[in-house]
Amino acid sequence: MARWKVGVLTASDKGSVGEREDKSGELLKELVRRIDGEVTEYQVIPDDQSTIEEHLILFADMKRCDLILTTGGTGFSPRDVTPEATKAVIHREVPGLPERMRAATLANTKFAVLSRAMAGLRGKTLIINFPGSPKGVKECFEVIEEVLPHALQILIGNTEH
Amino acid sequence: MARWKVGVLTASDKGSVGEREDKSGELLKELVRRIDGEVTEYQVIPDDQSTIEEHLILFADMKRCDLILTTGGTGFSPRDVTPEATKAVIHREVPGLPERMRAATLANTKFAVLSRAMAGLRGKTLIINFPGSPKGVKECFEVIEEVLPHALQILIGNTEH
Amino acid sequence: MARWKVGVLTASDKGSVGEREDKSGELLKELVRRIDGEVTEYQVIPDDQSTIEEHLILFADMKRCDLILTTGGTGFSPRDVTPEATKAVIHREVPGLPERMRAATLANTKFAVLSRAMAGLRGKTLIINFPGSPKGVKECFEVIEEVLPHALQILIGNTEH
């Protein structure tokens with residue numbers, strides 16, 4: 001059994017009605033294995049702020065995910081509201097993760113500065129927004145994967161390290 | 001005719017009563033041509049939070065600016081409240097732009113870390129705070145000008161790129 | 001007499017009941033001398049949000065500190081709430097200082113991205129969160145000490161520089 005319960009939430013209007021394959025969500029399922037995580041919750045939902053909030057709360061409070069990774073909805077499109085949904089449900093912000101993801105991926109794409117991704121803590125759950133594209137998901141995950149296990153350990157109250 | 005309607009808002013107590021020439025505002029009028037923008041709205045107002053908010057709303061909602069660039073009021077002086085006015089009127093934050101402007105201009109001035117500049121989206125309008133000095137305006141504009149046209153395209157719902 | 005009145009506030013459950021020596025607070029007392037500061041207020045308190053808020057307000061409004069440096073409570077532990085207390089009492093945010101501290105100390109520790117430190121202005125007082133460890137305190141202080149005197153000058157309304 002994997003160490004961490006992970007929820008993957010894909011915000012995509014097209015994906016939610018079956019018009020687009022969720023490659024980024026599938027990729028996240030693979031990637032979390034590298035930090036001894038297992039996707040126990042997964043959903044593709046429309047880019048609707050209330051719907052995103054409800055699923056974040058469901059995954060965190062009821063399903064007890066240690067980590068929730070979202071993909072999609074972090075850009076400038078009128079329907080991109082994943083960061084706003086995230087901000088509404090977190091109790092404590094973690095600005096350093098999106099800061100670092102933007103700064104580090106700038107070498108790959110100048111558009112990294114336009115990512116509005118957020119990260120934060122809801123109770124004992126860490127929530128992190130990723131971009132919508134598989135390429136962006138992979139690049140951002142690689143920037144922070146090294147520190148995730150430690151972050152999750154501290155979050156559950158294990159301060160031995 | 002230029003592609004983008006741009007509003008330039010200068011927050012300056014001295015400028016608003018004619019005691020200081022608005023060199024930064026004039027410079028922004030020149031700079032936006034490089035991204036196929038035209039300044040259709042321009043005002044020099046005092047460093048008063050309500051007044052700044054009212055003008056941001058006017059430029060965004062009534063005058064339909066695609067982009068609003070402010071200059072001034074982003075520092076530590078007691079009257080510097082442009083970021084607070086901006087935060088009050090935006091619907092969605094864009095943290096990556098000021099983050100990048102601060103990080104990139106650090107090579108020019110160690111005081112870049114003291115800039116409290118914000119950026120965000122109000123409806124289909126992108127609002128970005130710039131420093132008060134012409135030197136700061138030029139340096140910051142050059143950091144982000146490359147991504148602005150793409151950002152504005154996405155914001156109006158044009159996702160072809 | 002030193003130029004700046006500095007408050008040092010240590011958030012530490014163990015420290016507040018005498019179970020841990022406050023090495024970080026003691027270190028901050030030494031470090032502020034380098035910017036012509038003197039610690040006029042100092043307290044070790046538990047990691048309780050209301051208690052932290054009350055002390056920040058006391059140091060800023062009643063004791064008239066020019067600068068308040070906190071240490072501790074910026075991580076992922078359930079009791080780490082110093083940034084939340086700081087956010088609740090500041091009037092204006094200063095995002096560039098924690099951004100820069102995280103980016104610059106990344107060379108020393110990959111866990112720098114997990115710091116949730118904030119900085120902001122309450123009236124004429126600058127409040128900055130530092131990590132809990134003496135090593136982290138020293139590294140972060142060295143990143144920003146060069147700009148602190150200028151920041152404090154501007155904050156009290158002295159714009160000659």
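Q: Which residue of chain B comes closest to the rotation axis, and by which atom is that judged?
A: In this predicted model, the residue of chain B that comes closest to the rotation axis is B:Glu99, at 4.4 Å, a value that refers to its C-alpha atom.

Q: What makes the relation of chain B to chain A that of a three-fold axis?
A: Chain B can be laid on chain A by a turn of 120° with a shift of 0.0 Å along the axis, and the RMSD is then 0.0 Å. That is the relation of a three-fold axis, which is why the name applies.

Q: How do you know whether the copies meet through the same or through different surfaces?
A: Only 5% of the interface residues of chain B are also interface residues in chain A, and therefore the copies meet through different surfaces.

Q: What makes chain B and chain A neighbours in contact, and how many residues take part on each side?
A: Contact requires heavy atoms within 4.5 Å, and by that rule 20 residues of chain B are in contact with 17 residues of chain A. Between them the two chains bury about 1,600 Å², with 66% of it on carbon and sulfur atoms. B:Arg92, B:Glu99 and B:Val147 supply 32% of the area that chain B buries against chain A, which is more than any other three residues.

Q: Why is the meeting of A:Lys87 and B:Glu93 called a salt bridge?
A: The side chains of A:Lys87 and B:Glu93 meet at 3.7 Å, N to O, and because the rule asks for a side-chain nitrogen of Lys or Arg within 4 Å of a carboxyl oxygen of Asp or Glu, the pair qualifies. Across the interface of chain B and chain A the rule finds three salt bridges, and there are also five residue pairs in polar contact, both partners being at pLDDT 80 or more.

Q: Which elements of chain B each supply at least two residues of the side that touches chain A, and what kinds of residue make up that side?
A: Strand 4 (92-93), helix 5 (96-105) and helix 7 (148-155) of chain B each supply at least two residues, while the residues of that side as a whole divide into nine nonpolar, five polar and six charged.

Q: How many residues are in contact where chain C meets chain B, and what makes B:Lys110 and C:Glu146 a salt bridge there?
A: Here 20 residues of chain C are in contact with 17 residues of chain B, and about 1,600 Å² is buried between the two chains.

Q: Why are strand 2 and strand 4 of chain A said to stand at the edges of their sheet?
A: The open sheet of chain A has six strands in the order 2-1-3-6-5-4, with mixed pairing. Strand 2 (37-45) and strand 4 (92-93) each have a single partner strand, so one side of each is left without a neighbour in the sheet.

Q: How do you know that strand 1 and strand 2 of chain A pair, and in which direction do they run, parallel or antiparallel?
A: Pairing requires at least two bridges, and eight bridges join strand 1 (residues 4-11) to strand 2 of chain A, so the two strands pair, and they run parallel. Within this pair, A:Leu9 stands opposite A:Gln43 in strand 2.

Technical notes:
Residues numbered from 1 in each chain as written. Chains lettered and ligands numbered in written order. Predicted model: local features only at pLDDT ≥ 70, side-chain atom pairs only at ≥ 80, totals over all residues. Heavy atoms only, no water. Buried area = accessible area lost by both parts, 1.4 Å probe. Polar contact = N/O pair within 3.5 Å; in protein donor to acceptor, adjacent residues only side chain to side chain. Helix = DSSP H or I, 4+ residues; strand = E, 2+ residues; numbered from the N terminus. Nonpolar A, V, L, I, M, F, W, Y, C, P; charged D, E, K, R; others polar. Least-squares fit on C-alpha atoms with pLDDT ≥ 70 in both.
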